[in-house]
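Here is a friendly briefing to read alongside the model. Have the viewer open, and let us walk through the fold together.

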Amino acid sequence: MNKYLLFQDETANKFYRIIVEETSLIIIFGKVGTIGRSTLTEFESVEEALKEAQKLLSAKTKNGYKENGEFEFLEEDFWNIIEKTNKQCDGDKDEQADLITEILSTRPTADLLK
């Protein structure tokens with residue numbers, strides 16, 4: 001399982017990523033345009049990890065988060081990512097390229113081909 005959720009309103013633009021790999025549950029969250037923070041939880045079984053992931057997914061969608069494809073990705077969003085990553089990487093273009101790639105890889109391909 002790999003779910004990417006977004007929460008956007010007048011004051012917030014946050015992401016929440018839920019990844020289940022075998023018995024590991026990985027949560028990555030933060031402001032859009034940043035790497036964010038992450039947590040890793042190990043479970044006894046795949047079923048337990050998936051059950052917890054579904055619980056988190058339900059809670060986040062109940063709180064207004066939407067799956068990645070439910071928001072339109074605009075050109076201004078792209079340029080905001082460029083600007084924010086430039087500041088974060090302090091001019092290191094290789095680091096910025098890696099960060100941009102990571103952020104854009106979470107978007108549906110159709111968004112990037114517009």
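Predicted model: local features only at pLDDT ≥ 70, side-chain atom pairs only at ≥ 80, totals over all residues.

Residues are numbered from 1 along each chain as its sequence is written, and side-chain values use heavy atoms, with hydrogens and water left out.

**The sheet**

- An open sheet is built from 5 strands in the order β4-β3-β2-β1-β5, with antiparallel pairing.
- β4 (37-42) and β5 (66-67) are the edge strands, each with a single partner, so one side of each has no neighbour in the sheet.
- Strands here are DSSP runs of E with at least two residues, helices are runs of H or I with at least four, and both are numbered from the N terminus; two strands pair if DSSP finds at least two bridges between them.
- β1 (residues 2-8) and β2 (residues 13-21) pair over 7 bridges in the antiparallel sense, and N2 stands opposite I19 in β2.
- β2 is joined to β3 by 8 antiparallel bridges, with F15 opposite G30 in β3.
- β3 is joined to β4 by 6 bridges, again antiparallel, and F29 stands opposite R37 in β4.

**The hairpins**

- The hairpin of β2 and β3 has 2 residues between the strands, and E22 takes a positive phi near 60° there.
- The hairpin of β3 and β4 has 5 residues between its strands, and G33 in the turn has a positive phi of about 95°.

**Helix α1 and the cores**

- Helix α1 (residues 46-62) lies across β1, β2 and β3 (24-31), and runs at about 165° to β2; axes are lines fitted to C-alpha atoms, for helices over the stretch in contact, and angles run from 0 to 180 degrees between N-to-C directions.
- The largest nonpolar core has 12 residues in all, including L5, F7, Y16, L25, A53 and Y65.
- At least two residues of this core come from each of β1, β2, β3 and α1.
- A second, separate core of 7 residues includes L6, I26, I28 and V32.
- A nonpolar core is a set of buried Ala, Val, Leu, Ile, Met, Phe, Trp, Tyr and Cys residues joined through side-chain atoms within 4.5 Å; buried means under 20% relative accessible area, exposed over 50%, and partly exposed in between, with a 1.4 Å probe and protein chains only.
- Leaving aside neighbours within four places in sequence, L25 is in contact (heavy atoms within 4.5 Å) with residues including I18, V20, L40, F43, A53 and L56.
- β4 is hardly covered, with 0 buried residues among its 6.

**Helix α2**

- Helix α2 (residues 75-89) has 15 residues and reaches 21 Å from its first C-alpha to its last, close to the 21 Å expected at 1.5 Å a residue; that expected span is 1.5 Å times one less than the number of residues.
- I81, T85 and C89 are the buried residues of α2.
- Seen down the axis of α2, these buried residues fall within an arc of 45°, so they line one face of the helix; the arc is that of the directions from the helix axis to the C-beta atoms.
- The buried residues of α2 pack against α3 (93-104), whereas the face turned away from the buried side carries the exposed residues E75, E76 and K87.
- Just after α2, D90 takes a positive phi of about 50°.
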